[in-house]
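Student: I'd like to learn how to read a protein model. Can we go through one together?

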Amino acid sequence: MCRQVFGFRLAMIVVSAPAALLHAAPGLGVRLAGTAVVVTVMVSYVLFRDWERFGPLLLRHPVLLAADTLFGSFLLVSAGPDTTLAYVSVCTPLLAGLVYGWRGAACFASLQALILLLVHTTLRAGRPEPVAQALLLPGLCVVAGAMGSTLRNLMLRFGAATQALTAARARLAAAEAVSAERARLAREMHDSVAKTLYGVALAADGLAATASADAPDPARIRQQADLVSRSARRAAAESRELLADLRRDPSQVPEEDPFWPGLARRTREFARRTGLEVVCHWPADDPAPFPPPPAPAARHVLAIATEALENAHRHASAARVDVRASVEGHLLRLVLHDDGTGLPPGTTLERLRDRGHFGLLGMAERAAQAGARIRVGRGAHGRGTEVRLDIPLSGPASRAPGTP
């Protein structure tokens, strides 16, 4: 705003300079008027162009604005109060109010009004004029000073409010980032270490039951002990992977397996480990029957599919899981259905969270992270649980030839 005021001053001074030089007295008067024109034009131009650099200097030294007012008074005397230069004098108290506050506005408004009254009285001597006309410009100086001070207070309050809003947004963003990271760690731990440790506990219970039998089978004990050992090593490896992920530079994105081969590998490993029948309804010789999900979403979709398989084994008492994929317009639809007992009536995410079950909650959060829609229920089946994911594809996709 101060820069715009100096731009207005510069334009008005350039317009009024010829009148000031023409009306100046020959000799010393012309030199004073010329000096005043050069000084005021240079000051206005420098402050208009480089306010960020020279504005703080004006703020620290009010005497510079007083000197500028003095040079402007030389031009006012030469040009007369009837020229546009008289209205340029109103800029001085406006600038003082913007830069120095109400004290500076009062001081410079009084000084400029006094100068205008003296010039008007001197040049209009012998030609009486109405008092209202004589007090018009001094009154405008007072009003301009008040306006400058008011605008300064408004801008300072607006700046303080903006700073407070920025700080509040920064704190909110930090809190949201911490909450999101806590939720991510909870999902990662639930999907890796927690499940493996649960498997270790089950294997250890089986080993204890076998060892406490009346006639324990050494071969079965060795088999179960080996299962406990492998599960414990797997839990340690998953813990190291989780720690490495926490220590990894955010700019370094770990390499991921291709989506369809990765999903096929996880289903095979799950079927071999649990003994459940897992049927993938796409050609076995085609590793990529459909377009894969976008890279940022693929990892979340694989984790959701793995969680759905684990739930079918651990909670649903299922014997078979069907995995189907299809493309519906710009959506990749992935459906996993088991023939288990299904979800209890009235199941909600809030109730599951209150009871300490976070699997479905993690699936919903991962679907939101992937930009996908998830539906968990019976679907069109008479029993069991269906998990349906609709994942937006990056572009138009067509059904792969030869797929169901």
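Student: Is R320 buried, exposed or partly exposed?

Tutor: The general idea is a scale: buried means under 20% relative accessible area, exposed means over 50%, and partly exposed lies in between, using a 1.4 Å probe and protein chains only. R320 has a relative accessible area of 29%, so R320 is partly exposed. Keep in mind that this is a predicted model, where local features need pLDDT of at least 70 and side-chain atom pairs count only at pLDDT 80 or more, while totals for chains, interfaces and linings use all residues. Residues are numbered from 1 along each chain as its sequence is written, and side-chain values use heavy atoms, with hydrogens and water left out.

Student: Which residues is R320 in contact with, leaving aside its neighbours within four places in sequence?

Tutor: Contact means heavy atoms within 4.5 Å. For R320, the list is E277, V279, H281, H337, D338 and D339. R320 itself sits in strand β2; strands (E, at least two residues) and helices (H or I, at least four) are DSSP runs, numbered from the N terminus.

Student: In what order do the five strands form the sheet?

Tutor: Two strands pair if DSSP finds at least two bridges between them. Here the order is β1-β2-β3-β5-β4, in an open sheet with mixed pairing. At the edges are β1 (277-280) and β4 (373-377), each pairing on one side only.

Student: How many bridges join β2 to β3?

Tutor: Eight, and β2 (residues 320-328) runs antiparallel to β3 (residues 331-338). For example, V327 has L332 in β3 as its bridge partner. Helix α10 (residues 259-274) packs on the sheet and touches β1, β2 and β3. Helix α11 (residues 295-314) also packs on the sheet, touching β2, β3, β4 and β5 (385-392).

Student: How are two packed helices described?

Tutor: By the angle between their axes and the distance between the axes. Axes are lines fitted to C-alpha atoms, for helices over the stretch in contact, and angles run from 0 to 180 degrees between N-to-C directions. The axes of α10 and α11 come within 11 Å and cross at roughly 20°.

Student: Which residues in α10 and α11 meet?

Tutor: Among them are F259, L263 and F270 in α10, and V301, L302 and L309 in α11.
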